[in-house]
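Please walk me through this structure, chain by chain and contact by contact. A plain account in running paragraphs is enough.

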Amino acid sequence: MITSDPLSPAPGARVRPVHDEFHGDLLEVSMGPHHPSTHGVFRMMVTLDGETVVRLKPVFGYLHRNHEKLGENTTYLGSMPYTDRLDYLCSMTNNWAYALAVEKLAGQAVPERAEYLRVILAELTRLLNHTCLAGFLLQDCGASGTPLMYAFREREKILDLFESLSGSRMMCNYQRFGGCRVDPPPAWLEAAGRLVDGYGAFLDEYEALLTGNEILMARTQGVGRLSADLAVSAGVTGPMLRAAGVAYDIRKVDAYGIYPRFDFRVPLGDHGDTYDRYMIRVLEMRESIKILQRALHEIPAGPIMDPKAKLRGFRPKPGEAYGRIEGPKGEIGFYLISDGGPNPCRYRVRAPSFVNLTILEDLCLGHTVADAVIILGSIDIVLGEVDR
Amino acid sequence: METPEQIRDRLLARFPGAGVAVVANPSPAAQHSLALDAAHAREIAAWLRDDAELRLDYCSNVTGVDRPDREVVETITTAVPDPAGGPARAAEQKIKRTQPGCLEVVYHLYSMARRHGPVIIRLRTGNRTDQVALPSLTPVWRSCEFQEREVFDLFGVVFEGHPDLRRILMWDGFTGHPMRKDYVEPDDYEWEPTPHDKILAKAKKHYPTEPAAPGGAAEGAQP
Amino acid sequence: MLGSGLIKGLAVTAKNLAGSFHDPARFVTTEYPEVKTRLPENYRNFPFLVSENADDPMGTLRCVACQICEKECPPQCIYIEKSKDKKPDAAGKMQLYPAVFDIDISVCMSCQICVEVCPFDAIKMDQVFEIATPDRFQPLLLDRHQLAKPNGYFHEIHPTEAAEVDARLAAERKAAEEKARAAAAAKAAAPSAPATGTAAAPKPAPAPTPGPAAPGGGSAGTPKPPPAT
């Protein structure tokens, strides 16, 4: 049983001082795990004073699939398809984070064309993730379906690109240790170029639908403010951190891959509320389009795999490594400990959604239940990586 | 950014009695870590966070590692004098001893203010059975809250000072710590139509008689 | 003006609604299953075994039961039992073949690692997805008869990949034949050398030739490569 009493308000919650027969008691509502707006099998035990949230305890683990223990019993290569299924919307970036960690562990180099491909696919993934988020956030606000379907219509084009390159829309299993699996033909690069060139027009139309919309602004501005100090202390990363005003983007800080070659800005928010988190993602999509146009233009010819890389019998020397990238949701990192065998001795996934959920209660206190749904939507969680 | 050796020296100067050691990392990543003793861990963590040079205000990753007990064979060579008065012979003796294991918690720290990192610190418990308590670093970095709960849930490390230490991924009534190397899953067998190798060995205990073929009679599968 | 954002949004919705009647970019659904979409060539879903000849699928499987795919499969959905005897393969070499080759497609996650690690191009990714069954156990365990499909089918679904595989295998076979012919020529030339030392002549015909004279045809001369498809 939960040891802390759910019906007692959280410290810092403002509860009305009088609880008499007219106003009634605190009410505990269990939202989820089967709930259309909790972005997966996610449960929130919400204690309400009227409609105001005075306590919120997230409960998850419904999608726990024991991924880290499976990693200890599978070879390094065999874990790559499982990483697709962590953040199942963004398989290309999960693959890259894992490949980066293994390449750090084994000291492998990656050819230049593969680095360009990784950047192209990661930015395409960022586009599709942020598009999904904009659609789902509006769905949570109650705009039943229209913005979501426009977003998904655009996302389908990116998924078609992934399917024609790697064979699968979402479970791509594309990155390998030392490079990429499939070399795209020039036709694919042209199709990607056409998609990216048209994406700006889609974003303009989508913003015309949403950004100035009075209902959206009234529902999201001032809701779920996150201060910069709390964000840094709570380990929040990704667009949520930048919406709070902290300029920390791992693409700039760690300068991994070939990101230093690209000139892109990192948008920052002023207020840290839900509207800022939505706008940051839209602005990041525009920056991603710039990166993509340059990368597609400059991608060199050449090999896509390190010639010394082995598929079978891959046994990195004993040691450990932590590799991280700026995924669309935040910092996704893999910590691997090798004991010289074919399987890792410890395989740990640092999932951004898991850590970003730490401050869910802090953000929701004082707001209504409907706002709690929107705040959860703006954190952008995927249960596959929260629970692993 | 400073090397782990420099950080260790500054820490020992600031906290004279603390146990701080550099653990080398032989892989090409060369991410060396600092092993801290449990008694001073929280004040060292607070110092790392607030120090003007380091400003490690962001704890990125908290990992539990299970180091099981290991059998170590040691060879002892003794000199046996020759009774006839000649030169002494060397006699070898092999002794087997069990090196006790421990549970280890590894923290990856970065600095958002100074944009450097990682500084990796490790805390080790006394053993894997009764001395499994470690100080919680949640009062220093709030991001440890859920991650330490996960280490408690899956490994069994008890974090003293954690505001809300309970299971997070497994359900509340669960017993055992699944990520330990010696964890045996309960024998709640579900009929498996196509078992082979290890799963077949486990399934055989539950088959009523010797099955005719893998998947045998599909008596449970009639619509 | 209050409400201008809403009106702009409504204009976007109206544009999409009107556009869906005449603009294919606005109306993106297809009436499946009456209308089927065209899948890209690289699309993959569940593996299949390649046999060279459609008339004798079991006899001309490229698979030699090396069990590499079984070991590398992450969810361990492949089960292989080697045969006790050997059969000649397409190049005429005597190879084992799989007596049992089962894939449990309720476990398979179509990651295609088995395809990547197969040294013989024997297992490739299929594109079937309309294979639902009412019984969730036995019909989802595919044995080698259900998995074996001819090389012609492989050409239909993945033409570029199949052409590349065929070209590579033909080149390898040709190289092996050249080597065999060179070794046979060297052997034939050896007795004509003067038998001074023990080195050259009395070599007891080791027959390292990979048995190209062996296959069921019984032809005495150099074998012809088997007909494609």
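How much area do chain C and chain A bury between them, and what part of it is on carbon and sulfur atoms? The two chains bury about 2,500 Å² between them, 53% of it on carbon and sulfur atoms. Buried area here is the accessible area (1.4 Å probe) that two parts lose on being put together, summed over both. The size of an interface is often given in this way, as the accessible area lost when the parts come together.

This is a predicted model, in which local features need pLDDT of at least 70 and side-chain atom pairs count only at pLDDT 80 or more, while totals for chains, interfaces and linings use all residues. Residues are numbered from 1 along each chain as its sequence is written, chains are lettered from A and ligands numbered from 1 in the order in which they are written, and side-chain values use heavy atoms, with hydrogens and water left out.

To stay with chain C and chain A: 30 residues of chain C and 31 residues of chain A take part in the contact, where contact means heavy atoms within 4.5 Å. Arg44(C), Met109(C) and Glu116(C) supply 21% of the area that chain C buries against chain A, more than any other three residues. Four salt bridges cross this interface, a salt bridge being a side-chain nitrogen of Lys or Arg within 4 Å of a carboxyl oxygen of Asp or Glu. Glu205(A) forms a salt bridge with Lys15(C), and the closest N and O atoms are 3.6 Å apart. Between chain C and chain A there are also 18 residue pairs in polar contact, with both residues at pLDDT 80 or more. A polar contact is a pair of N or O atoms within 3.5 Å; within protein, one must be able to donate a hydrogen and the other to accept it, and residues adjacent in sequence count only if both atoms are side-chain atoms.

On the side of chain C that touches chain A, the elements giving two or more residues are helix H1 (4–19), helix H2 (68–72) and helix H3 (113–117) of chain C. H1(C) gives the most, with nine residues. Helices (H or I, at least four residues) and strands (E, at least two) are DSSP runs, numbered from the N terminus. By class, this side of chain C divides into 16 nonpolar, eight polar and six charged residues. Ala, Val, Leu, Ile, Met, Phe, Trp, Tyr, Cys and Pro count as nonpolar, Asp, Glu, Lys and Arg as charged, and the others, Gly among them, as polar.

Chain C as a whole has six helices and eight strands. Of its 229 residues, 34% count as buried, which is to say under 20% relative accessible area, with exposed over 50% and partly exposed in between (1.4 Å probe, protein chains only).

Chain B has four helices and nine strands, and 44% of its 223 residues count as buried. Its contact with chain A takes 44 residues from chain B and 51 residues from chain A. Together they bury about 3,800 Å², 53% of it on carbon and sulfur atoms. The interface of chain B and chain A holds six salt bridges; one of them joins Glu150(B) to Arg348(A), with the closest N and O atoms 3.2 Å apart. Strand S3 (58–67), strand S6 (102–111) and helix H3 (144–155) of chain B each supply at least two residues of the side of chain B that touches chain A. The largest share, nine residues, comes from S3(B).

Ser60(B) lies in strand S3 of chain B. Is Ser60(B) buried or exposed? Ser60(B) counts as buried because its relative accessibility is 0%. Leaving aside neighbours within four places in sequence, Ser60(B) is in contact with Tyr322(A), Glu331(A), Arg350(A), His108(B), Tyr110(B) and Gln147(B). The side chains of Ser60(B) and Glu331(A) are joined by a polar contact of 2.6 Å.

His196(B) sits in the loop between strand S9 (158–160) and helix H4 (198–204) of chain B. His196(B) counts as buried because its relative accessibility is 10%. Apart from neighbours within four places in sequence, His196(B) is in contact with Gln76(C), Ile78(C) and Tyr79(C).
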